[in-house]
Amino acid sequence: MAKSNMLVYKRLLRYSKPYTRRIVFAMIASLGVAGTDVAIAKLVQPLVDHVLAERSMSLVNLAAMVVVGLAAVKGASRYVQEYFMKTAGQLVVQDLRNDLFCHSIDLSMGFYSRTPAGSVVSSILNDVGMLQKSAADELVAMVREGLTLIGMVFLLFYNDWRLAIVAFVVLPVAVVPASHIGRRIKKYVRKSLANMGILTSILQESFSGIKVIKAFGTERAEKDKFGDENWNFYLRMKKVIRYDAATAPIIELLASFGAAGVLWYGLQRVMSGAITQGELLSFIAAMGMMYGPMKRLIKTNNVIQKAVGAAERVFDLLDTPVDVTDTLDAIELPRSRGHVSFEHVDFGYDDELVLKDFTVDVLPGRMVALVGASGAGKSTLIGLLARFYDPQQGVIRIDGQDIAHVTQDSLKQQIALVDQETFLFHDTLSNNIRYSNLQASDEEVENAARMAYADEFIREMPQGYETVIGDRGVRLSGGQRQRICIARAILRDAPILLLDEATSALDTESETVVQRALANLMQERTTFVIAHRLSTIMHADEILVMEHGKLVERGSHAQLLAVDGTYRRLHDLQFKD
Ligand SMILES: Nc1ncnc2c1ncn2[C@@H]1O[C@H](COP(=O)(O)OP(=O)(O)OP(=O)(O)O)[C@@H](O)[C@H]1O
Ligand SMILES: [Mg+2]
């Protein structure tokens, strides 16, 4: 337990390294704050013993000026300290948040099919937020209070070590409840942040699925689901609050034993003449000033435990291995000719295999259609080529290169994908198309749109290509969205084209036009087309018929019709009349 805390501190420290200068500035300034506090406590003694005794007016004046002077020094130091420490903290948090986002974006599709996106969002926002609130902001207090405490302790021992021992006997006793409380707080903070992750996922899902909720009238159920999880969050936070609230009273009670001891023993020492009244008062002043920081410092421990709880979650996510990576010997795949081969590929999302011993060789420039029942593994096959996942067995090659041994960047350069999910960003139409090729000129964008049969409706939009569409493209029809996605793929100008039900949402007329445009495009490219509508793929050079992850038939339309198999059956079903 303690060891893992140490590791978390070390990692956080590594993150603060670039900002050492700020932190050092802040530390120096804290010395100013602590120093003035100690000086004030120390000055009580000459004030009582000399100023009052000598009844000198000039010393009285001096005392007043010293108070203001010290306050000024303390104020200035405090400002400098807060500023540098808090900006340092903020910068560390920035770096962490960036790292977290970069790492999350790199995580594979496999990770995202297991983990709700909402929980990742929550980590980046809430976990880091908790870390910032606790560590970055509270660190300021801790450094300052810590130094003040050390100064006061020295002063106490310097004034009267016997009294000091009496005052500090209770300190070791206080450590026990404090560390127990700290552990509990850490545990419940972790749990509450996990709840926050679930809560964020529910949020994210409800709003992106708002249409389904409205369609089925399930608002009530969603509200209950959210309310329950929100309540769970409260229950966890309640535990944190309970332990937090118990800290101060426990410490105060313990401190009162110390104070009582000092009073009891100190008064006797004054009476016996061992120390002056001023010395006792100065001692008590220092003790009073010290208990404040001590109490807060022990509370700071709570805060640190909260930060550690949050940091552990942050680091858990940062340490999630990226399972699709560039190998060390990965080479740059030059612009491909589009020779694609699958060799004995086995793949399953979990234990069950979705593709079994799949082998196929596709020559450059060919149009290959994948046909088969829903769930046969067509999209999976295409996903493997785009390296969303790595196969468990077998090799996938482009131009003879194992795609597991080329850089992902250069692999993605070869591929343009139009998926079943037509996702558009909350941005202008032109930028949505340009997403596949950021350097493309307006003219190229419009060309691609024209080929995708999208130019016409785009021009009818209020701001044409500059029309901003909703984050799920809600202001476009399904077919229009699909045409934007096709334009995006056309603009990519990649040698391998992957079309997964890319024209399924188009009406027959526009599909014919888009097909014709795509046919031009496909001529010098290797294309994989998936379509349930057989008219879409009849003209393919080759049709691969899949069943339960296996290749069961292959050949041209005419060849497959000749054999009385699956394809023939599908064909007859679709063209009954
Ligand atoms: N992310 C995933 N995690 C787990 N299983 C998955 C995942 N995606 C697909 N599957 C499973 O893999 C199998 C093949 O799915 P795939 O999407 O490749 O089918 P498909 O042939 O494209 O079907 P459709 O024609 O309906 O699009 C299905 O049984 C499906 O349940
Ligand atoms: Mg599919």
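**Ligand shell, cores and overall form of the predicted model**

Helix α11, spanning residues 378–385, contributes three residues to the shell around ligand 1, the most of any element. The model is a predicted one. The shell around ligand 1 consists of Ser113, Tyr349, Val354, Gly372, Ser374, Gly375, Ala376, Gly377, Lys378, Ser379 and Thr380. By residue class, seven members of this shell are polar, three are nonpolar and one is charged.

Beyond the ligand shell, the overall form of the chain was examined. The protein chain contains 20 helices and 10 strands. Its radius of gyration is 35 Å, well over the 25 Å that the globule rule gives for 577 residues, and the chain is therefore more spread out than a compact globule. The C-alpha trace extends over about 120 × 55 × 50 Å along its principal axes. Two domains are assigned within the protein chain, domain 1 covering residues 2–318 and domain 2 covering residues 423–493. The centres of domain 1 and domain 2, taken over C-alpha atoms, lie 52 Å apart. Of the 577 residues of the protein chain, 36% are classed as buried. Among contacts in the protein chain with a separation of 6 or more, 81% join residues 24 or more positions apart.

The largest nonpolar core comprises 71 residues, and Ala369, Ala452, Ala487 and Leu498 have the most contacts inside it. Helix α16 (residues 478–492) supplies the largest share of this core, with seven residues. In the largest core, Ala487 is one of the residues with the most contacts. When residues up to four places away in sequence are not counted, Ala487 touches Ile433, Ala448, Ala449, Ala452 and Ala454. Of these partners, Ala452 is itself listed among the residues with the most contacts inside the largest core.

Ala135 counts as buried because 25 C-beta neighbours lie inside 10 Å. Leaving out residues up to four places away in sequence, the contacts of Ala135 are with Leu12, Gly89 and Ala307. Ala135 and Gly89 are 46 residues apart along the chain, and their C-alpha atoms are separated by 7.5 Å.

Backbone geometry was also inspected at two residues. Asp357 has a positive phi of about 45°, although this residue is not a glycine. Asp357 is located in strand β2, formed by residues 355–362. Because Asp357 has 15 C-beta neighbours inside 10 Å, this residue is classed as partly exposed. Arg387, likewise not a glycine, has a positive phi of about 55°. Arg387 is placed in the loop between α11 and β4 (393–398).

Terms used: Residues are numbered from 1 along each chain as its sequence is written. Chains are lettered from A and ligands numbered from 1 in the order in which they are written. This is a predicted model: local features need pLDDT of at least 70, side-chain atom pairs count only at pLDDT 80 or more; totals for chains, interfaces and linings use all residues. Domain bounds come from an automatic or database domain assignment. A residue is near a molecule or strand if its C-beta atom, placed from the backbone, lies within 6 Å of it. Helices (H or I, at least four residues) and strands (E, at least two) are DSSP runs, numbered from the N terminus. Ala, Val, Leu, Ile, Met, Phe, Trp, Tyr, Cys and Pro count as nonpolar, Asp, Glu, Lys and Arg as charged, and the others, Gly among them, as polar. A nonpolar core is a set of buried Ala, Val, Leu, Ile, Met, Phe, Trp, Tyr and Cys residues joined through C-beta atoms within 7 Å. A residue is buried if 20 or more other C-beta atoms lie within 10 Å of its own, exposed if 12 or fewer, and partly exposed in between; C-beta atoms are placed from the backbone. Two residues are in contact if their C-beta atoms, placed from the backbone, lie within 7 Å. The radius of gyration is taken over C-alpha atoms; the globule rule is 2.2 Å times the number of residues to the power 0.38.
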